[in-house]
Amino acid sequence: MFTKPTLNAGTAQPKTDSAMASYSMLLALLLTTALALPVRAQSPAAPAGEDYNPEARLVELGITLPPAPEPVANYVNGVQTGNLIFLAGKGPKRADGSQVTGKLGREISIDQGYEAARITAINQLSVLKAMLGDLKRVKRVVKVLGMVNSEPDFEQQPAVINGFSDLIVEVFGDRGRHARAAVGMASLPRGQAVEIEMIVEVESGNPLWTQRKVKNFLPHMTSPEVDELLGKTDMVIIPIASLEQHAAHLPIGTDFINGVERSKLIAQERDVLVAPILMAGQSPYHMGFAGSVTLKAQTIVDVHLQAVESLIKHGFKRFIIMNAHGGNRAISTYLVDQINQTTAGVAVSYGEAVRPYLAPSTVAPSSVLDRHGGTGETSNSLYLMPDLVQLDKAIAADITLPDHLEAMLPEVIAGDPTALQLFLAEGLKAQETGKMTSSAEMSTTGVWGERHPAEGSLARGAAEAARQIDAAVKFIDRWNELAGPD
């Protein structure tokens, strides 16, 4: 008796002679197709673990990176934003300077196109090397866009761009495996066979690093860059700041950071050196709150005078002293005088210098006390250092003033200049003076004001920054005009 076989998972189904013949024909067709395709020599992929060393891998492959190709128009080879580098399109420029040119499907073969893409990969690696210093910093090749100069009926663009992808994986291993597009183009610049873009994720080095280079900011500059700036200007802005409590919603470095950031913004509009010298200032009346730092007035003046003398030696002559902390007002005034009296430099006070050029403020006067750490500083900080403002931690302060200052307050708020002068002469003074006006004695939070700090706004801070920068630019232009040519 004939028994029909039972089919279970993993059991091969009996095949008829005709079915076997069909399979044989299919295998033969696949084998013929495979033999007809170009054969690529594949090297083992580079490991991505402890042995990850792309540059050593290049040596193993016998590849020497050429100098990075220069951009041929008004663009740069690559732009880094965050941890991503976007590389401009590069073509198959050989080491001797010649290009692989021609149209796929007409003048050149797939093999030649593959080699052109491989050459392009070497050129992009040379750009990465120039930007990063060490290819070990490549964390991942993210995306490749391959453009192939090809005839309309040519459909093997992926086989061409494989020349790029294969080398990238050979060099970076699994880190080199990327998303990709390979597309045909009717033409490419200079008739080159391919052009390829690449996006790469890189290790940033210090995981906490967030700064980017800022023009005319002394701590970011090289000595040659300072020399170059001296060919344009002899003017310096020096912010005089502090390290002191600003309640729970603003950082201790508020005055320093805001002063430096405002100075940087001015220096983007006009060539002027921004040279912060000290972070700390005179803040004895804030020492009741942890983290505040205070220096003696003479120390602040001496350090800045020595710094100014250093800058004068290099060729800088004109100094704008920006007081970024109310408690430094007398110190800043004295420093300006000492620069003018004892050095070859010429100094002015920022506040006095820009006052004639300041547009009227659009902020309505406050009807209550609103000073240190209040809505004004909060607004400025929301614009100048937004990531450091913790508005959710802002708390309205309970204010306790000595009786005679409390009685004087309505006239201060009304704008009486004498009342304001006397109020500030006693207000915010060190606990040791016995005036009962240190920040810890007057305020439950450290804010010297009755308004809730959260009433500050980014829009108000932006408007004030624009107002200050415009006035500073007008003053600088006027000083340059009056100074005349060297």
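**Cores.** I started with the largest nonpolar core, which has 36 residues; I counted as a core a set of buried Ala, Val, Leu, Ile, Met, Phe, Trp, Tyr and Cys residues joined through side-chain atoms within 4.5 Å, buried being under 20% relative accessible area with a 1.4 Å probe and protein chains only. L128, V138, F164, I168, F172, V194 and M198 have the most contacts inside it. At least two residues each come from strand 2 (84-90), helix 3 (110-132), strand 3 (138-149), helix 4 (157-172) and strand 5 (194-202), with helices (H or I, at least four residues) and strands (E, at least two) taken as DSSP runs numbered from the N terminus. Helix 3 gives the most, nine residues. A second, separate core of 25 residues includes M235, V272, A472 and F475.

**Ground rules.** The model is predicted, so I kept in mind that local features need pLDDT of at least 70 and side-chain atom pairs 80 or more, while totals for chains, interfaces and linings use all residues. Residues are numbered from 1 along each chain as its sequence is written, and side-chain values use heavy atoms, without hydrogens and water.

**I168.** Leaving out residues up to four places away in sequence, I found I168 touching A121, L125, V141, G173, G176, H178 and M198; contact means heavy atoms within 4.5 Å.

**Helix 10.** Next I looked up helix 10 (residues 375-384), where nine of ten residues are buried. Among them are T375, E377, N380 and L384. Its buried residues pack against helix 6 (254-269) and helix 14 (458-483).

Definitions and conventions: Buried < 20%, exposed > 50% of the residue type's maximum accessible area, 1.4 Å probe, protein only.
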